Amino acid sequence: MPKQDVMDRTTGFLKKNLETMPHKKRIEYLNQKLRGIIQYAYKYSIAFKSKMDSVGLKPKDIQTIKDLEKISITEKTDLMKLQKKNPPFGGFEGVPMNKLRRIFISPGPIYEPGEVDYDELGWAQGMYAGGFRPGDIVINTFSYHMVPFALQMVDNSLHRIGCVIIPTGIGNTEQQVNILREFKAVGFCGTPSFLLNIAEKAEEMGLDLKKDITLRVGFVAAEMLPESLRSKLEEKFGMIIRQTYGTADIQCLGYECMEKNGMHVPDDKIVEIMDPETGKQLGPGKMGEIVATTFNRTYPLIRFGTGDLSILTDTPCPCGRTSPRLLKILGRVDQATKVRGLFVHPGQVNEVVSKHPQVGNYQVAITRKEHKDEMTLRIELKEEVSQPEKLKEEIERSVRDVMKVRGEVQFVPKGSIPEGSRKIEDHRTWE
Ligand SMILES: [Zn+2]
């Protein structure tokens with residue numbers, strides 16, 4: 001249970017008019033913002049203009065989100081190549097270099113232009129939805145050096161809400177614990193694993209995490225957040241933890257609300273789920289690559305391919321926000337395989353298996369018979385079960401639910417699946 005709190009952290013909106021727009025109005029709003037950024041980027045970003053010109057597109061050809069399909073994806077590797085060819089930003093920047101406030105350097109190396117007047121909305125929306133409120137004292141434990149996340153994105157977004165920031169950066173766990181106590185800080189920004197470090201250190205120092213530490217809200221990113229870790233940390237500290245998703249180039253692309261049922265797309269981004277093979281948009285409920293467009297004029301990336309796989313849903317969220325949600329991040333595009341037109345990913349296979357404790361080793365085999373894909377989940381059971389047929393049916397149902405593709409379950413003798421083998425083995429030949 002969260003600690004007693006006089007402040008309402010679980011309802012309300014940062015930008016109610018944007019966050020609760022009816023669907024049709026939202027589409028109109030996004031289309032209008034899209035036309036604006038396309039005009040702008042065509043005029044000021046050399047890389048975007050040459051991309052459009054090379055296929056004979058003009059800004060007027062892009063009127064709606066659907067029209068984005070005409071523009072090819074810019075993947076991170078393209079960005080790196082173009083940055084080498086045309087340093088430092090590959091011509092993607094939307095303002096001259098001497099007008100920037102900062103220049104950031106991410107691993108790669110890959111360079112990001114930092115804006116003078118930071119007006120990104122997504123992270124702040126996520127913090128507010130996660131329970132951060134004006135006047136909160138917050139430690140920001142993301143790294144402040146070189147990379148843009150802690151300094152430009154998290155710091156500015158906390159300031160936008162009206163929080164008081166202690167820029168602790170990463171490391172010095174004991175000192176972080178002392179700072180939390182000294183200032184009675186209520187907010188944590190950082191990775192889930194670092195919050196766990198803090199918990200362990202505080203316990204080692206003989207502190208009671210619920211009484212001596214006043215943390216109430218946590219905004220975590222940059223790592224996977226397993227539900228088991230979330231509930232462990234929430235329980236230990238008596239706090240609310242919500243996660244967010246984005247990249248250094250294109251910023252926030254999703255944030256959780258109190259419902260924890262996926263990540264709302266912020267109102268200053270367009271997120272498409274795309275078939276990585278055709279470049280076409282996939283509808284709700286289908287797995288594909290997350291491709292995003294920002295309205296940021298300093299760094300106007302249009303159709304940026306994140307390389308991450310997810311599913312978009314537009315079913316209404318009880319929190320009242322009307323934006324679509326990214327269901328969890330399912331893995332990387334380059335690990336996925338297509339079966340009967342749908343992508344399947346090792347992460348999904350793990351999810352299926354996690355529902356059935358009887359399963360030991362396992363592997364998915366994709367084969368092709370009479371020009372049709374077949375998927376078989378081969379399973380070594382930990383021990384004999386009394387009703388194998390029933391278990392087989394149950395697992396097949398989980399496969400359908402999680403992977404959205406029918407697959408047959410086959411129990412194989414122990415030792416049939418070599419240790420360390422790939423979770424998805426593609427046996428198809430294309431002749
Ligand atoms: Zn919601």
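This is a predicted model: local features need pLDDT of at least 70, side-chain atom pairs count only at pLDDT 80 or more; totals for chains, interfaces and linings use all residues.

Reader: Which parts does the pair of cysteine 257 and cysteine 319 tie together, and how many residues apart are they in sequence?

Author: Cysteine 257 sits in the loop between β9 (251-255) and β10 (263-264), while cysteine 319 sits in the loop between β13 (304-313) and β14 (325-326). Both of these cysteines are buried. Because the two belong to separate loops, the pair links parts whose separation in sequence is 62 residues.

Reader: Which atoms coordinate the zinc ion, and what is the geometry of the site?

Author: The ligands are Cys257 (SG), His264 (NE2), Cys317 (SG) and Cys319 (SG), at 2.1 to 2.3 Å. Four donors count as tetrahedral if all angles lie between 85 and 135 degrees. Here the angles among the 4 donor atoms run from 104 to 113°, and the site of the zinc ion is accordingly classed as tetrahedral.

Reader: Is helix α5 mostly covered or exposed, and which elements do its buried residues pack against?

Author: Helix α5, which spans residues 122-129, is mostly covered, with 8 of its 8 residues buried. Among them are Trp123, Met127 and Tyr128. Just after the helix, glycine 131 takes a positive phi of about 105°. The buried residues of α5 pack against α1 (16-19), α6 (149-161), β7 (217-220), β8 (240-247) and β9.

Reader: What is the volume of the second largest pocket, and which residues are the closest to its centre?

Author: The second largest pocket has a volume of about 590 Å³. Its lining has 14 nonpolar, 10 polar and 7 charged residues, and α2 (23-44), β11 (269-274) and β13 each contribute at least two residues to that lining. Of the 31 lining residues, the closest to the centre are His23, Ile27, Leu312, Asp314 and Pro324.

Reader: How many cavities of 30 Å³ or more are found, and what is the space in the largest cavity?

Author: A search of the whole structure gives 2 cavities of 30 Å³ or more. The lining of the largest cavity includes Glu112, Gln152 and Tyr299, and both β3 (110-114) and α6 supply at least two residues to it. The space in the largest cavity comes to about 50 Å³.

Reader: Is arginine 303 buried or exposed, and what is its relative accessibility?

Author: Arginine 303 has a positive phi of about 55° although it is not a glycine, and its place is in the loop between β12 (287-294) and β13. Buried means under 20% relative accessible area. Arginine 303 therefore counts as buried, its relative accessibility being 1%.

Key
Residues are numbered from 1 along each chain as its sequence is written. Side-chain values use heavy atoms; hydrogens and water are left out. Donors are N, O and S atoms within 2.8 Å of the metal (3.2 Å for Na, K and Ca); water is not among the atoms, so sites may look incomplete. Four donors count as tetrahedral if all angles lie between 85 and 135 degrees; four count as square planar and six as octahedral if opposite donors are over 155 degrees apart and all others between 65 and 115; anything else is irregular. Helices (H or I, at least four residues) and strands (E, at least two) are DSSP runs, numbered from the N terminus. Buried means under 20% relative accessible area, exposed over 50%, partly exposed in between (1.4 Å probe, protein chains only). Contact means heavy atoms within 4.5 Å. On a 1 Å grid over the protein atoms alone, a cavity is a set of points where a 1.4 Å probe fits but cannot get out, and a pocket is an open set with protein on both sides within 12 Å along at least five of seven lines; lining residues have an atom within 4 Å of a point. Grid points are joined across faces, edges and corners, and a volume is the space filled by probe spheres set on the points. Ala, Val, Leu, Ile, Met, Phe, Trp, Tyr, Cys and Pro count as nonpolar, Asp, Glu, Lys and Arg as charged, and the others, Gly among them, as polar.
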